[in-house]
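Q: Could we go through this model together, starting with its aromatic rings?

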Amino acid sequence: MIQRIQTIYLILAAAVSGGLIFLVSLWIDGEGNEVVAMDESSYFGAFVASALLSLVAIFIYNNRKLQTVINRLNILLNLILLGVFVYRSLTMSGETAVSEKGIGMLLPIISIVFLVLANRAIRRDEQLVKSADRFR
């Protein structure tokens with residue numbers, strides 16, 4: 001249902017995880033080459049999995065509890081991806097492999113923000129349905 005605000009948040013999370021990975025670089029290596037997520041298959045797979053989880057969560061709008069669980073799994077996947085990026089950027093010394101960090105390392109944070117906003121909106125819908133059930 002496109003008119004729900006959590007659907008918009010989930011579409012934005014899917015666009016960040018699935019679309020922006022082609023446009024922004026993760027880092028620039030010592031030779032000046034931009035490294036995007038497509039160059040590293042494990043990062044690419046994690047970003048695509050995150051985008052697919054967001055899209056799956058959109059289409060199970062009837063089951064709000066399962067939608068929340070899928071969003072939490074997606075948040076966990078993005079936190080793991082963010083942890084790998086932080087570990088990689090902190091363990092690489094100077095100019096050995098990573099010359100400059102790119103904006104692409106912040107994509108999991110942006111996706112997490114949209115997923116948290118979607119979960120809050122789903123929780124509000126659940127409370128609204130429960131309050132309507134009390135009147136019956």
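A: A word on terms before the rings: those of Phe, Tyr and Trp (its six-membered ring) pair if their centres lie within 6.5 Å, and planes under 30 degrees apart count as stacked, over 60 as edge-to-face and the rest as tilted. This is a predicted model, in which local features need pLDDT of at least 70 and side-chain atom pairs count only at pLDDT 80 or more, while totals for chains, interfaces and linings use all residues. Residues are numbered from 1 along each chain as its sequence is written, and side-chain values use heavy atoms, with hydrogens and water left out.

Q: Which residues do ring pairs link into a cluster?
A: The cluster consists of Tyr-43, Phe-47 and Phe-85, and a search of the whole structure finds 2 aromatic pairs. Phe-47 and Phe-85 form a tilted pair, at 6.1 Å centre to centre with 35° between the planes.

Q: And what does that pair tie together?
A: Phe-47 lies in helix 2 (residues 41-59) and Phe-85 in helix 3 (residues 64-91), so the pair ties together parts that are 38 residues apart in sequence; helices are DSSP runs of H or I with at least four residues, numbered from the N terminus.

Q: Are those two Phe residues buried or exposed?
A: Both Phe-47 and Phe-85 are buried, meaning under 20% relative accessible area, where exposed is over 50% and partly exposed lies in between (1.4 Å probe, protein chains only).

Q: Switching topic, where is Gln-67 found?
A: Gln-67 is found in helix 3 and is buried, with a relative accessible area of 1%. A polar atom of its side chain lies 2.6 Å from the backbone oxygen of Ala-57.

Terms used:
Helix = DSSP H or I, 4+ residues; strand = E, 2+ residues; numbered from the N terminus. Polar contact = N/O pair within 3.5 Å; in protein donor to acceptor, adjacent residues only side chain to side chain.
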